[in-house]
Amino acid sequence: MKYRYFASTAAVAAIGAVMLLAPASAAGQAFSSPAKTATVSKAWTPSRTADGQPDLQGVWTNNTVTPLERPKALAGKEFYTEAELQALAKKERERLSQIEDEGQPPANHSGVEGAPADDVHYDFSQFGLDRGQSKLAWNRRTSIIVGPEGTIPPLTTEARARLAEIRAKAKGHEFDGPENFSLGARCIARPNVAPLLPAAYNSNLQIVQGAGYVAIEAEEIHDVRIIPTDGRPHIPKSIHQWYGDSVGHWEGNTLVIDTTNFTDLSPFRGAQNLHMIERLTRADADTILYQFTVEDPGMWTKPWSGELPITKIDGHLYEYACHEANYPLANTLRGARVAEEQAAKKSAK
């Protein structure tokens with residue numbers, strides 16, 4: 001099972017920071033419906049849970065080699081041709097085969113366009129983190145974000161000014177204490193839970209349903225979103241949560257999740273009024289078509305949407321020990337204190 005990843009590979013956790021670029025969406029507004037990557041068969045009928053709802057339960061992976069944003073070289077190209085996709089898959093198989101044969105990664109081995117040569121943060125294979133070998137990882141989309149641009153929209157003028165002020169205040173205080181680090185670095189929250197974007201590794205999740213509820217657990221950090229589907233309203237606007245407040249309802253075979261009340265610290269730091277709509281549709285026995293739209297009028301100039309297939313896998317979620325092995329945070333802070341002591345001694349002479 002090359003696509004099963006383990007938490008001991010924390011050395012590449014920095015990749016998760018890439019996903020901090022993504023956001024959440026809105027209810028009560030008409031969002032554009034992303035074009036479908038996986039075809040939902042009209043002839044296929046999903047099984048039902050005891051309370052009569054479509055059964056989404058199981059262990060799934062959203063592992064993919066598709067980047068969140070479309071590379072500049074592919075601007076305007078939303079889909080690869082089948083021939084192009086097969087050529088890319090072949091190139092990746094050859095790269096992985098070369099790594100296995102040589103016992104070490106070749107120069108510029110990452111396979112990620114623009115990645116620095118020999119940058120271990122981009123070399124998933126050396127840690128057993130296979131993002132491209134599994135057939136589950138490939139589809140014809142050139143980016144998870146849909147549409148002609150395939151990128152996150154520009155920041156608003158207000159957001160640029162606000163974020164610049166935040167950066168200016170933080171400069172020189174990056175290592176004052178744990179609160180100066182991201183929630184991900186502190187093992188509090190990761191940006192792969194809302195929306196359900198793939199992580200650098202452990203890109204697996206489990207869905208469990210009960211009468212009036214759907215629970216989605218991510219393998220990385222094991223955060224769980226418990227989503228009521230009984231028609232209740234959102235919690236008061238004054239209450240903010242790491243992954244927002246999610247309420248759901250069913251539209252035919254599709255679970256629609258509306259999420260508000262995010263904190264401006266997570267999962268997309270700087271966005272203050274995130275609103276997200278997600279749609280999970282059982283396309284066939286082994287596939288859920290996952291679509292999302294996110295907006296924050298004070299952050300981006302327009303809403304943006306994405307989609308990817310989520311594929312069923314055999315097995316269970318595995319332990320992800322983040323705090324237990326989070327030595328870098330304590331070591332980094334200790335190193336900062338040592339540097340401060342040395343600077344103080346030097347200035348005192």
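User: What volume does the largest cavity have, and how does one find such a space?

Analyst: Rolling a probe the size of a water molecule over the atoms shows where empty space is left. In this model, which is predicted, the largest cavity has a volume of about 50 Å³, and the count of cavities of 30 Å³ or more comes to 2.

User: Which residues line the largest cavity, and how do they divide into nonpolar, polar and charged?

Analyst: The lining is made up of Asn62, Asn192, Leu196, Leu197, Ala199, Asn202, Ser203, Asn204, Leu205 and Ala218. Of these lining residues, 5 are nonpolar and 5 are polar, while none is charged.

User: Which residues have the most contacts inside the largest nonpolar core?

Analyst: In soluble globular proteins, nonpolar side chains tend to be buried together. Here the largest nonpolar core has 39 residues, and Ile207, Ile216 and Leu280 are those with the most contacts inside it. The elements that give two or more residues to this core are helix H2 and the strands S2, S3, S6, S7, S8 and S9, with the largest share, 4 residues, coming from S8. Apart from this core lies another one of 6 residues, including Cys187, Ala200, Tyr201 and Ile221.

User: What does Leu280 touch, if residues up to four places away in sequence are not counted?

Analyst: Among the residues that Leu280 touches are Ile207 and Ile216, together with Leu56, Leu255, Ile257 and Tyr290.

User: How do strands S3 and S4 run, and how many bridges join them?

Analyst: Strand S3 (residues 213-218) and strand S4 (residues 224-228) run antiparallel and are joined by 5 bridges. Ile216, for example, has Arg225 in S4 as its bridge partner. The hairpin has 5 residues between these two strands, and there Ile221 takes a positive phi near 75°.

User: Is Thr66 buried or exposed?

Analyst: Thr66 lies in the loop between strand S1 (58-61) and helix H1 (82-102), and it counts as buried because its relative accessible area is 7%, where the cut-off is under 20%. Leaving aside neighbours within four places in sequence, Thr66 is in contact with Asn139, Arg141, Thr142, Ser143 and Ile144.

User: Where does Ala321 lie, and why does it count as partly exposed?

Analyst: Ala321 is in the loop between strand S9 (304-312) and helix H3 (327-348). Its relative accessibility is 23%, so it counts as partly exposed. Although Ala321 and His222 are 99 residues apart in sequence, they are 9.3 Å apart in space, C-alpha to C-alpha.

Terms used
Residues are numbered from 1 along each chain as its sequence is written. This is a predicted model: local features need pLDDT of at least 70, side-chain atom pairs count only at pLDDT 80 or more; totals for chains, interfaces and linings use all residues. Side-chain values use heavy atoms; hydrogens and water are left out. On a 1 Å grid over the protein atoms alone, a cavity is a set of points where a 1.4 Å probe fits but cannot get out, and a pocket is an open set with protein on both sides within 12 Å along at least five of seven lines; lining residues have an atom within 4 Å of a point. Grid points are joined across faces, edges and corners, and a volume is the space filled by probe spheres set on the points. Ala, Val, Leu, Ile, Met, Phe, Trp, Tyr, Cys and Pro count as nonpolar, Asp, Glu, Lys and Arg as charged, and the others, Gly among them, as polar. Two strands pair if DSSP finds at least two bridges between them. Buried means under 20% relative accessible area, exposed over 50%, partly exposed in between (1.4 Å probe, protein chains only). Contact means heavy atoms within 4.5 Å. A nonpolar core is a set of buried Ala, Val, Leu, Ile, Met, Phe, Trp, Tyr and Cys residues joined through side-chain atoms within 4.5 Å.
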